[in-house]
Amino acid sequence: MFRRALLILLILAAVQSVLAQENGTLRIAAAADLQPVLPALIDQFEKQTNKKVEASYASSATLATQILNGGPFSLFLSADLSFPQKVVAAGLGDSAEPVPYARGTLVLWARNDSPVQPLSIDSLRSPSLRTVAVANAEHAPYGRAAKAALEKLGLTDALKGKLVVAENIAQAAQYADSGNADVGFISLTSALTPRLSGSGKYVEVPQDDYPPILQGAVVLKHGSNAAEAHQFLDFLLSPPIRKQLAERGLKAP
């Protein structure tokens, strides 16, 4: 299933690449936790520079695989450092190391009508809890963080049969938002969106319970818009944009 989905994504990316090269579009491979925040920033960048930007959102592992297989991107914005490091190690980055651009925050979120409200971390121990949405730990950094948190809390075995595994962190949020899971380990970026902040509540997972989610960027050496990629990364690292990122759930690294 994953291989078939990846093949479809690669085909779509190839088609988009031809269109992007024709109109000089900067193509960004963006981790799923950026989906709630990046479109507004892209809009600002386009208005400031009069340049076209398109982002493709997926798990960091999926995007890294696409890039390693020739995916048509000029900038990779991962939800961790390990996947862009693989890209650099393969000789596809134009820098020796990924550039940390943000630090993510893992939260536990539930709908207002969830059986475990009022919500707290102890809700994970509630006998009323039936299902927990998590991102795939093999593909998504936030999934690894959730796995580490469950281990730290001593709940891995107790919740093993209750986990609803999503491909990425955005899909985990969808499972919790739709009621297909009683609670979800999701990104703070998703929890702060108007939809989720209106329909549910969240609590931050203690940061000592999981490794820091340091998010890394790498400009791709063979991208067709390397100059624009550097320009966008500089824009992302600028103080005004870092302030906006912090307000939307991504702290400074």
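In this predicted model, the largest nonpolar core holds 58 residues. Those that touch the most other members are Leu77, Leu106, Leu124, Val183, Phe185 and Phe232. Helix α5, which covers residues 141-152, contributes the largest share of this core, namely six residues.

Phe232 illustrates how the largest core is joined together. Leaving aside residues up to four places away in sequence, Phe232 touches Leu26, Ile28, Leu38, Ile42, Phe45, Leu75 and Leu77. Leu77 is itself one of the residues in the largest core with the most contacts to other members.

The view may now be widened to the whole chain. The secondary structure of the protein consists of 11 helices and 10 strands. Its radius of gyration is 18 Å, close to the 18 Å given by the globule rule for 253 residues, and the protein is therefore as compact as a globular protein of that length. Computed along the principal axes, the C-alpha trace spans about 55 × 40 × 30 Å. Among contacts with a separation of 6 or more, 77% are between residues 24 or more positions apart.

Of the 253 residues, 50% are buried. The accessible surface amounts to about 11500 Å², and carbon and sulfur atoms account for 54% of this area. As to charge, the protein carries 23 positive and 22 negative side chains, and the centres of these two sets are 3 Å apart.

Definitions and conventions:
Residues numbered from 1 in each chain as written. Predicted model: local features only at pLDDT ≥ 70, side-chain atom pairs only at ≥ 80, totals over all residues. Heavy atoms only, no water. Helix = DSSP H or I, 4+ residues; strand = E, 2+ residues; numbered from the N terminus. Rg over C-alpha atoms; globule rule 2.2 N^0.38 Å. Buried < 20%, exposed > 50% of the residue type's maximum accessible area, 1.4 Å probe, protein only. Contact = heavy atoms within 4.5 Å. Areas by Shrake-Rupley, 256 points an atom, 1.4 Å probe, with all protein chains shown as cover. Lys, Arg positive; Asp, Glu negative; His and termini not counted. Charge placed at Lys NZ, Arg CZ, Asp CG, Glu CD. Core = buried A, V, L, I, M, F, W, Y, C linked by side-chain atoms within 4.5 Å.
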